[in-house]
Amino acid sequence: MGYRIYIREVDLRIRKENFDAALSAVKAAFVSDRTWTEHLKSLDDAMSDFGYIPEYDEKGSIDGFEYEGKCLRGDYEFWTALAPYVEEGCYLEVEGDDLEIWRWKFRNGKVIVQYPTFLWDDEEEESCGTAT
């Protein structure tokens, strides 16, 4: 088994002119897994192998993806390798199968992991059973 992740929301852009450099970065990040990296011919191959099926805009740049719900297996390292080629401010909102939620935010060529803060919007402070 494994730890499954679900992509809740995607705001992702990688320009077409960065595809070759991005693929090289992924191969370098996973150099110890040569059996995997040797077959990669494109960034599309690499993303698809991780379950991220790229979507393209009219210029051929990646502007999102469909996610095929696979188990977490180096996804953070994968996105860390791609981070310098992802446009500033993009993010992936992720939920784990244990219902933990986090976001991978792309800032200054790096991946920042963010966790949400939940606030209850109660206008009135009252204890259970004391409502009138």
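Which residues of helix α1 (residues 19-29) are buried? The legends below, drawn from a predicted model, begin with this helix.

**View 1. The buried face of helix α1.** In helix α1 (residues 19-29), the buried residues are Phe 19, Ala 22, Leu 23, Ala 25 and Val 26. Viewed down the axis of α1, these buried residues lie within an arc of 160°, so they line one face of the helix. Asp 20 and Ala 28 are exposed and sit on the face of α1 turned away from the buried side. The elements covering the buried residues of α1 include α2 (34-37), α3 (43-49), β2, β3 and α4 (75-82).

View 2. Ser 61 belongs to the loop between β2 (52-56) and β3 (62-67). Its relative accessible area is 10%; because buried means under 20% relative accessible area, Ser 61 counts as buried. Leaving aside residues up to four places away in sequence, Ser 61 touches Ile 14, Arg 15, Lys 16, Phe 19, Glu 55 and Tyr 56.

**View 3. Aromatic pairs at Phe 50.** The count of aromatic pairs comes to 15. One of them, formed by Phe 30 and Phe 50, is tilted, with 5.7 Å centre to centre and 55° between the planes. This pair links distant parts of the chain: Phe 30 lies in the loop between α1 and α2, and Phe 50 in the loop between α3 and β2, 20 residues apart. Phe 30 and Phe 50 are both buried. Phe 50 also forms a stacked pair with Phe 78, at 4.5 Å centre to centre and 25° between the planes. Here the linked parts of the chain are again distant, with Phe 78 in helix α4, 28 residues from Phe 50. The relative accessible area of Phe 50 is 2%, and that of Phe 78 is 0%.

**View 4. The aromatic cluster.** One aromatic cluster is formed by Phe 30, Trp 36, Phe 50, Tyr 52, Phe 65, Tyr 67, Phe 78, Trp 79 and Phe 106.

**View 5. The four-stranded sheet.** Four strands form an open sheet in the order β1-β4-β5-β6, with antiparallel pairing. The edge strands, β1 (5-11) and β6 (110-114), each pair on one side only. On average, neighbouring strands of this sheet are turned by 25° against each other, direction ignored. Strand β4 (residues 91-96) pairs with strand β5 (residues 101-107) in the antiparallel sense over five bridges, and Glu 95 stands opposite Ile 101 in β5.

**View 6. A charge over a ring.** Arg 103 places its charged end over the ring of Tyr 91, at 4.7 Å from the ring centre.

How values were computed
Residues are numbered from 1 along each chain as its sequence is written. This is a predicted model: local features need pLDDT of at least 70, side-chain atom pairs count only at pLDDT 80 or more; totals for chains, interfaces and linings use all residues. Side-chain values use heavy atoms; hydrogens and water are left out. Two strands pair if DSSP finds at least two bridges between them. Helices (H or I, at least four residues) and strands (E, at least two) are DSSP runs, numbered from the N terminus. Axes are lines fitted to C-alpha atoms, for helices over the stretch in contact, and angles run from 0 to 180 degrees between N-to-C directions. Buried means under 20% relative accessible area, exposed over 50%, partly exposed in between (1.4 Å probe, protein chains only). Contact means heavy atoms within 4.5 Å. The arc is that of the directions from the helix axis to the C-beta atoms. Rings of Phe, Tyr and Trp (its six-membered ring) pair if their centres lie within 6.5 Å; planes under 30 degrees apart count as stacked, over 60 as edge-to-face and the rest as tilted. A charge sits over a ring if NZ of Lys or CZ of Arg is within 6 Å of the ring centre and within 35 degrees of the ring normal.
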